[in-house]
Amino acid sequence: MIESMCSNMQELKQYVANKRKKRGFQHYELNKAHGTCQPFTDREYKQVKIYQKSNYSKRKKHVYTGYWREYTQKYTVDQLKLINKV
(Lines give C-alpha, C1' and ligand atoms only; values in the text may rest on other atoms or scores of the structure.)
Protein backbone atom coordinates (compact mmCIF):
# COMPACT_ATOMS: atom_id res chain seq x y z
CA MET A 1 0.00 0.00 0.00
CA ILE A 2 2.75 2.44 0.93
CA GLU A 3 4.75 1.40 -2.12
CA SER A 4 1.97 2.63 -4.40
CA MET A 5 1.76 5.97 -2.56
CA CYS A 6 5.47 6.73 -2.24
CA SER A 7 7.97 6.36 -5.04
CA ASN A 8 11.05 7.77 -3.28
CA MET A 9 12.43 8.39 0.19
CA GLN A 10 11.36 12.04 0.40
CA GLU A 11 7.74 11.16 -0.29
CA LEU A 12 7.93 8.39 2.33
CA LYS A 13 9.29 10.83 4.95
CA GLN A 14 6.55 13.31 4.11
CA TYR A 15 3.92 10.56 4.33
CA VAL A 16 5.16 9.44 7.77
CA ALA A 17 5.27 13.04 9.04
CA ASN A 18 1.70 13.66 7.89
CA LYS A 19 0.51 10.42 9.52
CA ARG A 20 2.12 11.43 12.83
CA LYS A 21 0.53 14.87 12.70
CA LYS A 22 -2.85 13.35 11.94
CA ARG A 23 -2.53 10.84 14.81
CA GLY A 24 -1.40 13.60 17.19
CA PHE A 25 -4.38 15.73 16.19
CA GLN A 26 -6.72 12.81 16.89
CA HIS A 27 -5.25 12.51 20.41
CA TYR A 28 -5.67 16.25 20.85
CA GLU A 29 -9.34 16.06 19.82
CA LEU A 30 -9.97 13.16 22.23
CA ASN A 31 -8.39 15.06 25.12
CA LYS A 32 -10.35 18.16 24.25
CA ALA A 33 -13.64 16.23 24.24
CA HIS A 34 -13.11 13.86 27.19
CA GLY A 35 -10.36 15.55 29.19
CA THR A 36 -6.91 14.27 30.00
CA CYS A 37 -6.28 11.04 31.88
CA GLN A 38 -6.38 11.49 35.63
CA PRO A 39 -5.90 9.05 38.50
CA PHE A 40 -8.83 7.68 40.48
CA THR A 41 -10.25 9.71 43.29
CA ASP A 42 -10.37 8.08 46.73
CA ARG A 43 -14.05 7.27 46.27
CA GLU A 44 -13.49 5.63 42.87
CA TYR A 45 -10.45 3.71 44.12
CA LYS A 46 -12.44 2.19 46.98
CA GLN A 47 -15.09 0.94 44.56
CA VAL A 48 -12.59 -1.15 42.58
CA LYS A 49 -12.55 -4.76 43.75
CA ILE A 50 -9.10 -6.31 43.76
CA TYR A 51 -8.90 -10.07 44.13
CA GLN A 52 -5.76 -11.59 45.55
CA LYS A 53 -4.40 -15.02 44.88
CA SER A 54 -6.24 -17.71 46.82
CA ASN A 55 -5.37 -21.32 47.39
CA TYR A 56 -8.68 -22.49 48.78
CA SER A 57 -11.43 -24.18 46.85
CA LYS A 58 -14.17 -22.03 45.40
CA ARG A 59 -16.86 -24.62 46.16
CA LYS A 60 -17.44 -27.32 48.69
CA LYS A 61 -15.33 -30.35 48.07
CA HIS A 62 -16.34 -33.96 47.73
CA VAL A 63 -15.68 -34.55 51.43
CA TYR A 64 -18.50 -32.22 52.44
CA THR A 65 -21.09 -33.58 50.04
CA GLY A 66 -20.55 -37.01 48.52
CA TYR A 67 -17.95 -38.67 50.69
CA TRP A 68 -20.18 -39.29 53.70
CA ARG A 69 -23.31 -40.07 51.71
CA GLU A 70 -22.70 -43.81 51.93
CA TYR A 71 -22.83 -43.75 55.72
CA THR A 72 -26.31 -42.28 55.86
CA GLN A 73 -27.92 -45.12 53.89
CA LYS A 74 -29.53 -47.98 55.80
CA TYR A 75 -28.68 -51.46 54.53
CA THR A 76 -30.42 -54.69 55.27
CA VAL A 77 -28.48 -57.82 56.26
CA ASP A 78 -29.08 -59.36 52.81
CA GLN A 79 -27.67 -56.30 51.08
CA LEU A 80 -24.57 -56.34 53.26
CA LYS A 81 -23.98 -60.01 52.45
CA LEU A 82 -24.17 -59.20 48.74
CA ILE A 83 -21.73 -56.35 49.14
CA ASN A 84 -19.22 -58.60 50.96
CA LYS A 85 -19.39 -61.20 48.19
CA VAL A 86 -18.45 -58.64 45.55
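Tyr 45 is exposed, at a relative accessible area of 54% (exposed means over 50%, buried under 20%, partly exposed in between, with a 1.4 Å probe and protein chains only). Keep in mind that this is a predicted model, where local features need pLDDT of at least 70 and side-chain atom pairs count only at pLDDT 80 or more, while totals for chains, interfaces and linings use all residues. Residues are numbered from 1 along each chain as its sequence is written, and side-chain values use heavy atoms, with hydrogens and water left out.

**Surface patch**
- Tyr 45 sits in helix H3, residues 42-47 (helices are DSSP runs of H or I with at least four residues, strands are E runs of at least two, and both are numbered from the N terminus).
- Together with Phe 40, Val 48 and Ile 50, Tyr 45 makes up a nonpolar surface patch with about 470 Å² of accessible area.
- Patch members have over 30% relative accessible area and no salt bridge; nonpolar side chains (Val, Leu, Ile, Met, Phe, Trp, Tyr) are joined within 5 Å and like charges within 9 Å.
- Areas come from the Shrake-Rupley method with a 1.4 Å probe, and for residues only the protein chains shown count as cover.

**Helix H2**
- H2 covers residues 9-34, which is 26 residues, and spans 38 Å from first C-alpha to last, close to the 38 Å expected at 1.5 Å a residue (the expected span is 1.5 Å times one less than the number of residues).

- An α-helix has 3.6 residues a turn, so residues three or four places apart point the same way.
- The whole structure has one salt bridge (a Lys or Arg side-chain nitrogen within 4 Å of an Asp or Glu carboxyl oxygen).
- That bridge joins Glu 29 and Lys 32 at 3.6 Å, N to O, and both residues lie in H2, three residues apart.
- Glu 29 is partly exposed at 31%, whereas Lys 32 is exposed at 54%.
- There is also one aromatic pair: the rings of Phe 25 and Tyr 28 have centres 6.0 Å apart and planes at 35 degrees, so the pair is tilted.
- Rings of Phe, Tyr and Trp (its six-membered ring) pair with centres within 6.5 Å; planes under 30 degrees apart are stacked, over 60 edge-to-face, the rest tilted.
- Phe 25 is partly exposed at 48%, and so is Tyr 28 at 47%.

**Cysteines**
- The disulfide count is zero, going by a cut-off of two cysteine sulfur atoms within 2.5 Å.
- Cys 6 is buried at 12%, while Cys 37 is exposed at 81%.
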